[in-house]
Amino acid sequence: MTTAPTPSSPPPVKIPTEQDAVRIAADVLGDTIAAAQRLPTGAGNWVYEVVSAGGRRVVIRILRSHEECKSGVYWSQTLRPLGVPLPEMIAHHVGGGDDGTDRSWMVLERLPGTDLEHTHAALTPEQRRDVADGVVRAQQIVASSVPMGGGFGYVPWPRDWPHKTWADVVRRELAHGREHIARVGVVDPRQVDRVESLMPRFADDLAGVRPIPFLDDTTTRNVIVHDGRLSGIVDVDSICYGDVLFTVGLTRMALLNMNQPTAYTDHWLTRLGATAEQHRVVTFYTACFCINFLGEQGQQFNLPAPRQVDPREVARLESILDRLLAELQ
């Protein structure tokens, strides 16, 4: 009698390390590396700041997806010549295979400054308005220079739009939060129902959105600030087609999560000439993203282990959601 072979487990995926970033930087810069540290940014990739012995500072992005690397190169080459303040791409490599042994990477100019989330509290009101003005200008360049889409949603390339309507994008965002909440099981999924029940109220607003391209992740992250001014925008590997107010809502939610005032997004809306109804739409979008923040509790993303759930943080986010929904009464 023969025994069927036991299926072997797939080999473990190689996780990038600081030494991988050092090796990439040394090869590209042709210099020894004096210092390297991982930057605490993003949930999908591994980002390092590296300083060469000659004093040159660069950013090494080691990417989870080869397609993301290719699309990041495309958008850099497309948007930077138009005036969108992206960092110079010094070198890149599109890897192959799925085991992590040949990861894709980029070597980028190190823009002076740091993410808005780390500087916002220290900025003056005038400086916050100046940064918001810079983000609005970048969004206007994208909206006016990249052709309108044939559909809606997040795409790595200006094609293959995943949704026929903008409402479908919003529903998918809420479904995404619901999936994360269900996976961990610490947040009551009825919180999603509370926000989802508002969809009919905003049906006309969502139906009127056109598939206009915008940078979806210019929030408190990826917006680099130096000496109170916008230094540039990073991590543009894809864009979204639809309502730029979605990004305003995400940014507002990030500020609320930081317990920071929201005058920054108020000024953004002023620059856009937003109506009272559009202000309400932004509040609805902010509530949608509050669901996503709740869904991040206990997730692993690109961390070595899942984040530990803090019941106090869950309660704080639920309190923010209560206030947002009260604004819409």
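**Cavities and cores at a glance**

The largest cavity has a volume of about 100 Å³. A cavity here is a set of points on a 1 Å grid over the protein atoms alone where a 1.4 Å probe fits but cannot get out, and its volume is the space filled by probe spheres set on points joined across faces, edges and corners. This is a predicted model, with local features needing pLDDT of at least 70 and side-chain atom pairs pLDDT 80 or more, while totals for chains, interfaces and linings use all residues. Residues are numbered from 1 along each chain, and side-chain values use heavy atoms, without hydrogens and water.

**The largest cavity**
- Its lining (residues with an atom within 4 Å of a point) has 14 residues, and Ser76, Met89, Leu108, Asp235 and Val236 are the closest to the centre.
- Helix H2 (66-79; helices are DSSP runs of H or I, at least four residues) gives the most to this lining, with 3 residues.

**The second largest cavity**
- This one has a volume of about 30 Å³.
- H5 gives the most to its lining, with 3 residues.

**The nonpolar cores**
- A nonpolar core joins buried (under 20% relative accessible area, 1.4 Å probe, protein chains only) Ala, Val, Leu, Ile, Met, Phe, Trp, Tyr and Cys residues through side-chain atoms within 4.5 Å.
- The largest has 55 residues, and Trp166, Val170, Val195, Phe284 and Tyr285 have the most contacts inside it.
- H10 provides the largest share of this core, 11 residues.
- Apart from this core lies another of 16 residues, including Trp46 and Ile60.

Methods: Buried < 20%, exposed > 50% of the residue type's maximum accessible area, 1.4 Å probe, protein only. Helix = DSSP H or I, 4+ residues; strand = E, 2+ residues; numbered from the N terminus. 1 Å grid on protein atoms, 1.4 Å probe; cavity = no way out; pocket = protein on both sides within 12 Å on 5 of 7 lines; lining within 4 Å.
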